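Please look over the structure below. The report that follows takes up local backbone features, helix packing and the overall fold.

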Amino acid sequence: MVELFGVSTADIDNDVRTNNTKVPLSKQMVNGFKMRELIATTVRLFGQGLMGGQLADFPKINSEYSSNPARLMGFAFGAISDFCFNIEYVRRITDKRWSYCAKANDNRVYYPYLGVCPHCITRVEKPTQAVLGADSDASNAEKESRARYFGNKIESHHVGRIGERVIVYILDLLTKSRFEDSTTLMVFDDQHDVDAAIFFDGIGVLAQIKASPLILLPVMSKLSAPLTDGVSDSTGLPEKRKDHTFTDFAASEHELSLYFSLDDTSLSIGKKDGKNWPYEPMLSQLDEKTVMKIIENWLSIYLSFEIPKKEREGEDVSRAYLTSGWGAPIDDNKTKSGLARSDNMMKGTYASLKYGAYYVQGCQRKTLKTTLVANIDPAHQYADYLEKLEDIRWGHKGDFIPVDVNDGPDIYSIEAKKLTYLFDSVFTFNRQIMNDAQLADAWNLGGFIKRLANNELGEFLEDWGSVDEE
Ligand SMILES: [Zn+2]
């Protein structure tokens, strides 16, 4: 435990409570022990995928890799962070509110994270045709409840806590790949406004983290026969359940998989079983091809999402339906990902300004930096939310000294060290604003992907991903 600005912090693998008890990795908000392994494994296999001969099978990755490798690395981290969220969401699935659909010529139930059928949403004219639970025979009370249903959500406080871990792990990996003796600390005190601090190369970085998933793969299970619901008045025989109605489902009794809407394929995660589920079944089957597919799928959806809403056409429209925060009837727009949620953008901007005024300005050695970190920036709303803020530098009124220019415009001078960036960096996986040269160098994604594709990070990733559980 380290005291930092008067609050308790701990390194990222030791969750220490105020009564000084240590919480083992597997019992924390996320299964940190396995999440580290998952991150290291997916990054390593992505690197192998870049080196291997299969790139042509993944056209989106291939095209980004030739045009802008650094941007591709960011996208890969974006996909991997969503996948980590995904696995943690899957750890929290229940036996309630699975949705039934037989439209794919078989009988399936899904555990949806959006308010629409994961299979049908990209195959119908309008999202309203894929809405879940909107039975015309439903009672008013049921319809009322449906009106607020946007998928089986996790409580937003938990999403925030999961997100901090995911982001801090990835940032730690990126930093340690360059500075092996760097230290990353998480602040567990909810009262404090710093989320994490990273020390390397003689500097300290205060991080504000705003992360929530953009793309989640729902859980799916195939049934051997149609579900039934009630009996026919005339014959007394069971009637088939209607598509897009909810059913209870004993998840631990069935083979489950993660579902890819775009190509109607899935990835097995076995039966819900044991404390390391679904990390273990996932890790045991991950190979180059699977990791490349997860990233290609994410990229296909992200690139559609990135297009401004009014300019999307054809399949870009339906692909973007698979992102969080779309609005009714698909999702609650409060669940927009990362900085795409204006609330997160506003809170993150205030936090950065406060770090600057309360800590950076007071740092005598000028070795303190700030960063706003999120999985995703405002993407298609970037020009509205962030563009005009990204390079702002500010100073206090008294530090601006009037320069005497006869009859000319008002000019002030200020000592360079008294000027502070609103953001030393806004580090997101789809775009990085790097006003500080030292941070730009440390978190250089172009350098990282080059070393990854040159097979220089294998041993590092192996070590980073295999932390022993105490
Ligand atoms: Zn359907």
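His 244 sits in the loop between β12 (238-240) and β13 (246-247). The model is predicted. Phi of His 244 is near 70°, a positive value in a residue other than glycine. Is His 244 buried or exposed? His 244 counts as buried, because it has 23 C-beta neighbours inside 10 Å, and the cut-off for burial is 20 or more.

Lys 366 also has a positive phi, about 55°, and is not a glycine. This residue lies in the loop between α9 and β16 (368-374). Lys 366 has 11 C-beta neighbours inside 10 Å, so it counts as exposed. The cut-off there is 12 or fewer.

## Cis peptide bonds

Trp 277 and Pro 278 are joined by a cis peptide bond, with omega about -5°. Pro 278 belongs to the loop between β15 (265-270) and α6 (279-285).

A cis bond also runs from Ala 328 to Pro 329, where omega is near 0°. Pro 329 is in the loop between α8 (315-320) and α9 (342-360).

## Packing against α5

Helix α1 (residues 32-51) packs on helix α5 (residues 156-176) at an angle of about 50°, and their axes are 11 Å apart. That angle makes α1 oblique to α5. The crossing is right-handed. From α1, Gly 32, Met 35, Arg 36 and Ile 39 take part; they meet Arg 165, Tyr 169, Ile 170 and Leu 173 of α5. By class, this contact has 5 nonpolar, 1 polar and 2 charged residues.

Helix α3 (residues 69-91) also packs on α5. The axes of α3 and α5 come within 10 Å and cross at roughly 140°. α3 is therefore oblique to α5, since only angles over 145 degrees count as roughly antiparallel. This crossing, too, is right-handed. Phe 77, Ser 81, Cys 84, Phe 85 and Glu 88 of α3 meet Ile 162, Val 166, Ile 167 and Ile 170 of α5. The contact of α3 with α5 has 7 nonpolar, 1 polar and 1 charged residues. Ile 170 of α5 is listed in the contact with α1 and in the contact with α3.

## Overall fold

The protein chain has 13 helices and 22 strands. Its radius of gyration is 24 Å, close to the 23 Å that the globule rule gives for 470 residues, so the chain is as compact as a globular protein of that length. Along the principal axes, the C-alpha atoms fill a box of roughly 95 × 55 × 50 Å.

Buried residues make up 42% of the 470 residues. Of the contacts with a separation of 6 or more, 67% are between residues 24 or more positions apart.

Methods:
Residues are numbered from 1 along each chain as its sequence is written. This is a predicted model: local features need pLDDT of at least 70, side-chain atom pairs count only at pLDDT 80 or more; totals for chains, interfaces and linings use all residues. Axes are lines fitted to C-alpha atoms, for helices over the stretch in contact, and angles run from 0 to 180 degrees between N-to-C directions. Helices (H or I, at least four residues) and strands (E, at least two) are DSSP runs, numbered from the N terminus. Angles under 35 degrees count as roughly parallel, over 145 as roughly antiparallel, 65 to 115 as roughly perpendicular and the rest as oblique. A crossing is left-handed if the near helix is turned anticlockwise from the far one by less than a right angle, and right-handed if clockwise. Two residues are in contact if their C-beta atoms, placed from the backbone, lie within 7 Å. Ala, Val, Leu, Ile, Met, Phe, Trp, Tyr, Cys and Pro count as nonpolar, Asp, Glu, Lys and Arg as charged, and the others, Gly among them, as polar. The radius of gyration is taken over C-alpha atoms; the globule rule is 2.2 Å times the number of residues to the power 0.38.
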